[in-house]
Amino acid sequence: MEFLVLGALETRQGGVLVDVRGMRQQRLLALLLLNTGRVVPMDFLVDELWEDPPPSARPQVHNAIRDLRRVLAVGEHRLVTVDVGYRLVVPEDAVDAHRFTRKVREARAAERDGRFPEAIRLLQSAVDLWRGEAFAGIHCPAVTSAAVKLNEQRLTALEDLMALRLKVGETSSLVGELTALLAEYPLRDSLRRSLMTALCRSGRQAHALAVYDEGRRFLADELGLEPSPQLRALQAEILADAPGVHDAPGPVEVRAPAAEDAAPGPHPNCLPHDLADFTGRSAELALLQEAVARRTAGSPLMLAIDGMGGVGKTTLAVRLAHRTTGDFPDGQFFAALDGFDETRPPVSPLRALAALLRADGLRQEQIPASLDERSALWRSRLAGRRCLLVLDDAADSAQVRPLLPGAGETLVLVTSRRKLSALDGSVALPLDVLPPGDAVELFARVAGERRVGREPARAAEAVALCGYLPLAVRIAATRLRDRPAWTVADLAERLADPDRRARCLRTADRDLMALLRASYQYLDLAQRRFSRLMCRQPAGSFDVDRAAAVTGLSADEVECCLDALFENNLVRQEAAALFSFHSLVRDCSRLLPEPADGDVVTGSQLPVTAAA
């Protein structure tokens, strides 16, 4: 019996198609084939077969297994039941995907030894195993990820085959095949270079340059990118009429690892540096480290840290990441998502995935064009690995979801100024300002402990005027450190005045008011007006009735505004019905511009917030 997955899923016995009835049985068989010889847990099968598993999910899996056993009860094939799930035992060569990878592996060995005709024969026979897209028609997350990886391996094998045929002297016979392949896969840089080389060796230099120009325009229009350095170098050689382009067989470039083998280093580490003067957060770190220690084996863990701008979310995430790298040795990744930046829009998941895949060793031409394909490829590369992924400054849950792993023991740390309650399965940690003692300690570490120690009362006053917000404390301490003539009292006096405080909490590259102002970009006009009015009223805390009296809104409209501000960490809920603003948020909100004359602020704007 053989199992064919390089196309629509088929099971054959002696060349005759064996009917595996029902889509659930086919998906179940696909999941087992992906893990031949390994135990597939029941929980994994249930999660893969249903988005919302019914109470009868496990009995249905048992029934489907029973039906599969009737089909597979031939020869060496066995479907074994174990305590936690099932294991499919089949000879490796019974699955066409295994034969494909074996042939490709043997072809590369032959190429390294200089046995080019044998390498071509093996690659051609490997490519000929394909009947269409891998696992065509089978839809569940793990199978989709595996299919993306297999399809990428097929394209890489095709690229290798074309390059080898060029190497042994084929030219004109390749032009038609390469033209058809490039029309289907216009982003494959290697195919474009091979076609240009084949055209040039056939005496068609103008056509080769036209292929380059077509690719340049396609990249610019679709992705906003320039051609690769290799492609530009080939164009320059053709324009210079370099003899190496025309001569066959001639040397060819040494290929980077194929998609399935590409891994940077052995362990890519893209984490930012850990701050030497990191202060406090021992309780928060302990909670996060406990969650990491208690994670479920074999499953990803997502920790979501939210809080107002400048509260130290990124610093905490990076500190935790550095402390846990030993638990996640297969790569540490960092993606800045720019969810709250006034100068540029948030990074799209498409761009973020491209950066992550490049960090994991893929070449640009190996990265698919669509979001779904990039996301599936990223999941497939993380599956079975223990990696660490920091997604910093997320705009919302929708920006994060395509970047999440599907399997493997990856730890995901997400930071955002918004509460990411829509990220199912995440462990949330709302981050507040520092306790006064920790804030003073941070201030002293940055400004100088001896200097601060001479004026402890004024130092306590200064950090209180910073609202114990870590970034504000750090900026103020840096300003004091860089001005030897100032005393701590001089700094405290400047911080006491709201207008001077805004200037004092600004340096050449950091502006606290601008950073806080960026949190308002996802609020509508009515919500901004509400915040501005409430921050100008003198009471430190307020309830819904007081807010309604100050703003002239109904109680329902006030609650809608408060919900939006709370979700964006711009208001604190001190008790069930009592709210307050951080002192620096009050400063920032008072500075928000009034609505323009043409802007109409009505209660109808209140129930929703602007989309990220």
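Across which strands does helix α3 lie, and at about what angle does it run to β5? In this predicted model, helix α3, made of residues 57-72, lies across β5 and β6 and runs at about 150° to β5. The points below begin with the three-stranded sheet to which β5 and β6 belong, continue with a sheet of five strands whose pairing is parallel, and then take up the second largest pocket and the packing of helix α6 with helix α15.

**The three-stranded sheet**

- The strands of this open sheet follow the order β4-β6-β5, and their pairing is antiparallel.
- Because β4 (39-41) and β5 each have a single partner strand, they stand at the edges, and one side of each is left without a neighbour in the sheet.
- On average, and with direction ignored, neighbouring strands of this sheet are turned by 25° against each other.
- Strand β5 (residues 78-81) is joined to strand β6 (residues 85-89) by four bridges, the two running antiparallel, and a hairpin of three residues leads from β5 to β6.
- Between β4 and β6 the antiparallel pairing extends over three bridges.
- Arginine 87 of β6 is the bridge partner of valine 80, and arginine 87 is also the bridge partner of valine 39.
- Helix α2, which spans residues 42-49, lies across β4 and β6 and runs at about 60° to β4, whereas helix α3 lies across β5 and β6.

**The five-stranded sheet**

- Five strands, in the order β8-β9-β10-β7-β11, make up an open sheet in which the pairing is parallel.
- Its edge strands are β8, residues 332-336, and β11, residues 427-430, each of which pairs on one side only.
- From one strand to the next, the twist of this sheet averages 15°.
- Strand β7 (residues 301-306) runs parallel to β11 and is joined to it by four bridges, with aspartate 306 of the model standing opposite proline 430 in β11.
- Helix α12, formed by residues 282-293, lies across β7, β10 (411-416) and β11, and its direction makes an angle of about 160° with β7.

**The second largest pocket**

- The second largest pocket holds about 1100 Å³ of space, and 41 residues line it, of which Gly310, Thr314, Thr315, Leu471 and Leu515 lie nearest its centre.
- The elements that give two or more residues to this lining are the helices α13 (313-323), α20 (470-481) and α23 (512-517), together with the strands β8 and β9 (388-394).
- Sorted by class, the lining of the second largest pocket has 17 nonpolar, 16 charged and eight polar residues.

**Packing of helix α6 with helix α15**

- Helix α6 (residues 141-167) packs with helix α15 (residues 371-382) at an angle of about 95°, and their axes are 8 Å apart.
- The two helices, α6 and α15, are therefore roughly perpendicular to each other.
- On the α6 side the contact is made by Thr144, Ser145, Val148 and Lys149, and on the α15 side by Glu373, Ala376, Leu377, Arg379 and Ser380.
- By class, three nonpolar, three polar and three charged residues take part in this contact of α6 with α15.

Conventions:
Residues are numbered from 1 along each chain as its sequence is written. This is a predicted model: local features need pLDDT of at least 70, side-chain atom pairs count only at pLDDT 80 or more; totals for chains, interfaces and linings use all residues. Side-chain values use heavy atoms; hydrogens and water are left out. Two strands pair if DSSP finds at least two bridges between them. Axes are lines fitted to C-alpha atoms, for helices over the stretch in contact, and angles run from 0 to 180 degrees between N-to-C directions. Contact means heavy atoms within 4.5 Å. On a 1 Å grid over the protein atoms alone, a cavity is a set of points where a 1.4 Å probe fits but cannot get out, and a pocket is an open set with protein on both sides within 12 Å along at least five of seven lines; lining residues have an atom within 4 Å of a point. Grid points are joined across faces, edges and corners, and a volume is the space filled by probe spheres set on the points. Ala, Val, Leu, Ile, Met, Phe, Trp, Tyr, Cys and Pro count as nonpolar, Asp, Glu, Lys and Arg as charged, and the others, Gly among them, as polar. Angles under 35 degrees count as roughly parallel, over 145 as roughly antiparallel, 65 to 115 as roughly perpendicular and the rest as oblique.
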